[in-house]
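Please look through the sequence and the structure below before reading on.

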Amino acid sequence: EMKSNQQLHYYVTCATQAHVTDGVTNVADETFNGSTINSVSIAKSVKTIGHHAFNGCWNLTNVSIPDSVKTIGDYAFSNCEKLQDIYLSGTLTTIGDYCFYHCIQLQSIKLPSTLTSIGNNAFGGCYELSDIVIPSSVKSIGDYAFYYCNKLTDIVIPNSVTSLGSGAFDDCYELTSVTLSD
């Protein structure tokens with residue numbers, strides 16, 4: 001159990017469980033990068049999850065991000081190859097570049113109605129991702145955001161989207177329907 005008044009900045013390499021305790025407001029860049037954790041609990045005081053915070057946590061299977069979190073940084077959960085279940089904060093506004101890149105077992109994710117930006121390659125290489133709904137709050141979808149999401153069959157892009165990145169759905173081989181909604 002780790003505690004800090006402002007920011008968690010502790011490098012963990014061999015623990016199997018992580019507890020970000022109350023009072024911590026920011027999970028700092030690279031805090032758990034490459035660690036062996038298979039579970040994490042995040043306190044409701046956390047507002048941001050930094051770049052590479054959980055990158056390469058190959059054993060991590062599920063994550064619940066509390067409603068206090070508004071921003072998830074670049075590469076925050078990339079290469080979490082066993083990650084299957086994610087609960088995203090209901091107040092989340094930004095999913096950073098490569099945030100969930102190469103989470104190869106992720107099958108579905110519910111994006112909150114507060115989300116405005118999906119970063120470049122945010123879900124790239126999520127081969128099993130088959131169920132995702134882009135909420136009408138989203139304004140920007142980055143380059144290659146859903147690159148190589150082989151199991152996506154249909155997607156609805158809401159009219160709130162004013163910026164659709166290059167190759168956003170590139171190499172989504174089973175994608176048969178893209179709808180631009182009114």
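Predicted model: local features only at pLDDT ≥ 70, side-chain atom pairs only at ≥ 80, totals over all residues.

Strand S4 has one face that is covered, made up of Val-40 and Ile-42, and another that is uncovered, made up of Ser-39 and Ser-41. Another strand, S3, takes in residues 26-27 and includes Val-27. Val-27 counts as buried because its relative accessibility is 0%, below the 20% under which a residue is called buried.

In soluble globular proteins, nonpolar side chains tend to be buried together. Here the largest nonpolar core has 53 residues, and those that touch the most other members are Ile-49, Phe-54, Ile-72, Phe-77, Phe-100, Phe-123 and Phe-146.

The aromatic rings deserve a paragraph of their own. There are twelve aromatic pairs in the structure. One of them is formed by Phe-54 and Phe-77, which are stacked, with 4.9 Å from centre to centre and 5° between the planes. This pair links distant parts of the chain, since Phe-54 is in the loop between strand S5 (48-49) and strand S6 (62-64), while Phe-77 is in the loop between strand S7 (71-72) and strand S8 (85-87), 23 residues apart. Phe-54 and Phe-77 are both buried. A pair of another geometry is made by Tyr-144 and Tyr-147, whose ring centres are 5.7 Å apart and whose planes meet at 85°, so the pair is edge-to-face. Tyr-144 is partly exposed, with a relative accessible area of 32%, and Tyr-147 is likewise partly exposed, with a relative accessible area of 25%. Phe-54 and Phe-77 also belong to one aromatic cluster that includes Phe-32, Phe-100, Phe-123, Phe-146 and Phe-169.

Ser-89 lies in the loop between S8 and S9, and it counts as buried because its relative accessibility is 0%. Which polar atoms does the side chain of Ser-89 meet? A polar atom of that side chain lies 3.2 Å from the backbone oxygen of Asp-67, and the side chain also makes a polar contact, at 3.0 Å, with the side chain of Thr-91. Leaving aside neighbours within four places in sequence, Ser-89 is in contact with Ile-65, Pro-66, Asp-67, Ser-68, Val-69 and Pro-112.

Side chains of opposite charge can pair when their charged atoms come close. The structure holds one salt bridge, formed by Lys-151 and Glu-128, with the closest N and O atoms 3.5 Å apart. This pair too links distant parts of the chain: Lys-151 is in the loop between S13 and S14, and Glu-128 is in the loop between strand S11 (117-118) and strand S12 (131-133), 23 residues apart. Lys-151 is partly exposed, with a relative accessible area of 32%, and Glu-128 is partly exposed at 31% relative accessibility.

His-102, although not a glycine, has a positive phi of about 60°, and it lies in the loop between strand S9 (94-95) and strand S10 (108-110). With a relative accessibility of 17%, His-102 counts as buried. Tyr-148, also a residue other than glycine, has a positive phi near 65° and is found in the loop between strand S13 (140-141) and strand S14 (154-157). At 30% relative accessibility, Tyr-148 counts as partly exposed.

Definitions and conventions: Residues numbered from 1 in each chain as written. Heavy atoms only, no water. Helix = DSSP H or I, 4+ residues; strand = E, 2+ residues; numbered from the N terminus. Buried < 20%, exposed > 50% of the residue type's maximum accessible area, 1.4 Å probe, protein only. Core = buried A, V, L, I, M, F, W, Y, C linked by side-chain atoms within 4.5 Å. Salt bridge = Lys/Arg side-chain N within 4 Å of Asp/Glu carboxyl O. Phe/Tyr/Trp six-rings, centres within 6.5 Å; stacked < 30°, edge-to-face > 60°. Polar contact = N/O pair within 3.5 Å; in protein donor to acceptor, adjacent residues only side chain to side chain. Contact = heavy atoms within 4.5 Å.
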